[in-house]
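I opened a new page for this protein and kept a list of what I looked up. The entries are in the order in which I made them.

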Amino acid sequence: MTRKMGRSGDVSGSSRRDLFKAGAVLVAAAPTFPVAAAAQSLERADARAVERLARQGADPNRRILVKGGTIVSLDPQVGDFQQGDVLIQGKRIVAVAPNVEPSGAQIIDASNTIIIPGFVDAHRHSWEGQLRRINPNAPTLAAYSAATHQSFAKSYRPHDMYVGNLITALGCIDAGITCVIDNSHNARSALHSDEAIRALVDSGIRAVHASGAPQAGDWDHQWPQDLERLKKRYFASDDQLVTLRMFSGLDRDNWMLARRLGLRITTEFNGPRAAEVIEPFFVDKMVGPDNTFNHCGALPESTWQHIRDVGVSVNVCPRSDSQYGLGEGIPAFQRALDHNIKPGFSIDNETSYGTDMFTEMRVAFHIQRAIAANRKFNGDLNSPRPVSARSVLECATLSGAACAGLMSKIGTLTPGKEADIVLIRTNEINLYPSNNAIGTIVAAADSRNVDTVIVGGRVRKFRGKIIGLDWERFRRMVDDSRGYLFEQQGYKPDIFAEEFKLT
């Protein structure tokens with residue numbers, strides 16, 4: 001099959017220009033897609049609200065009142081409210097209270113919903129969006145790599161980076177994830193990085209683009225020096241929805257470059273060998289609060305003590321650690337808690353499972369409970385206390401914000417913070433009646449219950465629909481990109497396959 005390529009690697013007839021109107025810019029991060037598709041299935045009043053919300057500009061005086069929902073603020077100074085309001089002005093929360101006067105604000109009726117801070121996914125390889133569930137039974141890290149780095153990754157064009165990141169970002173928004181740390185370890189050229197960033201911007205999500213080197217195949221070897229260009233071109237300000245950091249292994253030169261550029265560093269960190277290699281980094285005071293470590297399985301006690309003492313932020317992957325047998329095969333959730341570290345949660349990737357934070361919370365909750373009960377049953381006098389649902393929700397929100405370096409901006413519903421807010425609808429068959437707000441979120445809700453998503457004061461999903469997404473055009477773009485990657489690698493899809501194999 002012949003495809004005509006544009007100069008940026010887009011496939012004619014299915015490029016982002018077909019999905020989004022031109023003019024999206026990084027600082028504004030405004031949604032630019034048509035409105036009609038999102039409004040068709042809504043009641044008239046909601047359809048009119050969608051139109052108004054989609055036309056929102058960057059006016060710092062624009063006011064939205066989220067009214068009449070059950071509020072879980074996760075800020076002990078603010079408290080929780082059985083029924084209350086959240087007032088947003090511009091991109092910030094200005095009031096959280098039982099009753100707030102509208103004062104000319106556009107009102108979002110939040111009755112029959114629970115209002116929470118947006119979820120934060122502390123670690124996602126977003127570029128792999130086209131490869132969702134291609135390898136559901138993968139038992140090892142090598143099996144994961146066979147379906148990503150060692151195969152399709154090598155054929156990614158810049159356009160495919162755009163498509164993969166867009167799939168992931170829109171999936172995050174749909175599932176109530178308002179912020180994602182995009183571990184982008186497929187920066188095969190400068191343009192690959194550009195297109196990954198553009199997708200995050202166009203989606204309207206809050207994201208930390210953690211740029212990293214490819215793991216296999218030919219590439220331009222422009223990384224890590226290209227980080228300086230990326231920072232100057234796209235990230236002159238930290239006061240924007242998409243920000244930059246480095247994704248790197250334990251490499252002193254890379255880390256020194258990141259510090260020179262003022263960038264935080266994310267590192268995949270797992271097992272005794274990693275602990276051994278990093279010990280001199282601790283001795284030389286090269287590890288600190290600007291480091292984020294993913295996974296953290298099978299680490300010795302001394303390494304956990306170092307992590308705690310220097311303030312490294314940690315995220316655990318309840319599903320991927322068990323899926324791929326990483327470390328001990330059990331998420332390091334309890335190990336982090338044992339050292340007074342409340343870790344963030346991360347989904348890691350979608351090549352084996354789904355995107356939602358609800359499942360991540362439940363897996364972490366029940367594995368921790370199982371470990372605690374097992375240790376107590378076997379006579380461990382120091383067995384841990386069972387974790388609470390609220391503590392798990394804090395990991396999925398506030399602790400994720402710490403991993404993103406954004407605790408001052410997001411993670412709680414606090415006046416002065418930016419408005420990353422999710423409304424969970426409770427009058428649906430799987431949740432009604434809702435007798436406990438925290439239990440409903442952690443133990444029962446799923447992505448279908450995500451009614452409204454607000455990112456930086458902008459409504460991105462409303463009444464269960466992503467605002468303005470042209471689904472047919474989006475699907476054609478995804479199918480074309482996936483078809484190209486499959487063709488380049490000679491992959492014959494088998495939707496019933498027990499394991500991933502290239503022909």
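The entries below start with the overall fold and then go to single sites.

**Overall**

I noted at the outset that this is a predicted model. I counted 16 helices and 17 strands in the protein. The chain has 503 residues, and 59% of them count as buried. I also checked how far along the sequence the contacts reach. Of the contacts with a separation of 6 or more, 75% are between residues 24 or more positions apart.

In soluble globular proteins, nonpolar side chains tend to be buried together. The largest core here has 80 residues, and the members that touch the most others are F119, I307, F345 and M361. Another core lies apart from the largest one; it has 20 residues, and V66, L413, A419 and F462 are among them.

**Helices α13 and α15**

How do the axes of α13 and α15 cross, and at roughly what angle? I found that the axes of α13 (residues 357-377) and α15 (residues 437-444) come within 7 Å and cross at roughly 95°. Angles of 65 to 115 degrees count as roughly perpendicular, so α13 and α15 are roughly perpendicular to each other. On the α13 side I listed F358, M361 and R362 as the contact residues, and on the α15 side I441, V442, A443 and A444. Sorted by class, the contact has six nonpolar residues, one charged residue and no polar ones.

**L423**

I placed L423 in strand β14 (residues 421-425). Its relative accessibility is 0%, so L423 counts as buried. I listed its contacts outside four places in sequence as V66, I108, A110, T113, I114, I115, N449, V450, D451 and T452. D451 is 28 residues away from L423 in sequence, but their C-alpha atoms are 5.5 Å apart.

**N291**

Is N291 buried or exposed? I found N291 in strand β11 (residues 291-295). Buried means under 20% relative accessible area, and N291 has 0%, so it is buried. Its side chain reaches the backbone nitrogen of G288 at 2.9 Å. Outside four places in sequence, N291 touches W255, R259, I265, M286, V312 and S313.

**N99**

I then took an asparagine in a loop. N99 lies between β3 (92-97) and β4 (106-109), and with 51% relative accessibility it counts as exposed. Beyond four places in sequence, N99 touches K67 and D85. The side chains of N99 and K67 are joined by a polar contact of 3.1 Å. For D85 I noted a C-alpha to C-alpha distance of 5.7 Å from N99, at 14 residues apart in sequence.

**K154**

K154 sits in the loop between α4 (141-146) and α5 (158-174). I recorded K154 as partly exposed, with a relative accessible area of 38%. A polar atom of its side chain lies 3.1 Å from the backbone oxygen of Q150. Leaving out residues up to four places away, K154 touches H149, R188, A216 and G217. G217 is 63 residues from K154 along the chain, and the two C-alpha atoms are separated by 5.3 Å.

**Backbone checks**

Which peptide bonds did I note as cis? One runs from W223 to P224, with omega near 10°; P224 is in the loop between β8 (206-211) and α7 (226-234). Another joins Y432 and P433, with omega about 0°; P433 is in the loop between β14 and α15.

K285 has a phi of about 55° and lies in the loop between α9 (271-283) and β11. K285 counts as exposed, at 75% relative accessibility. H295 has a phi of about 80° and is in strand β11. H295 counts as buried, at 5% relative accessibility.

Definitions and conventions
Residues numbered from 1 in each chain as written. Predicted model: local features only at pLDDT ≥ 70, side-chain atom pairs only at ≥ 80, totals over all residues. Heavy atoms only, no water. Axes fitted to C-alpha atoms, helices over the stretch in contact; angles between N-to-C directions. Helix = DSSP H or I, 4+ residues; strand = E, 2+ residues; numbered from the N terminus. Parallel < 35°, antiparallel > 145°, perpendicular 65-115°, else oblique. Contact = heavy atoms within 4.5 Å. Nonpolar A, V, L, I, M, F, W, Y, C, P; charged D, E, K, R; others polar. Buried < 20%, exposed > 50% of the residue type's maximum accessible area, 1.4 Å probe, protein only. Polar contact = N/O pair within 3.5 Å; in protein donor to acceptor, adjacent residues only side chain to side chain. Core = buried A, V, L, I, M, F, W, Y, C linked by side-chain atoms within 4.5 Å.
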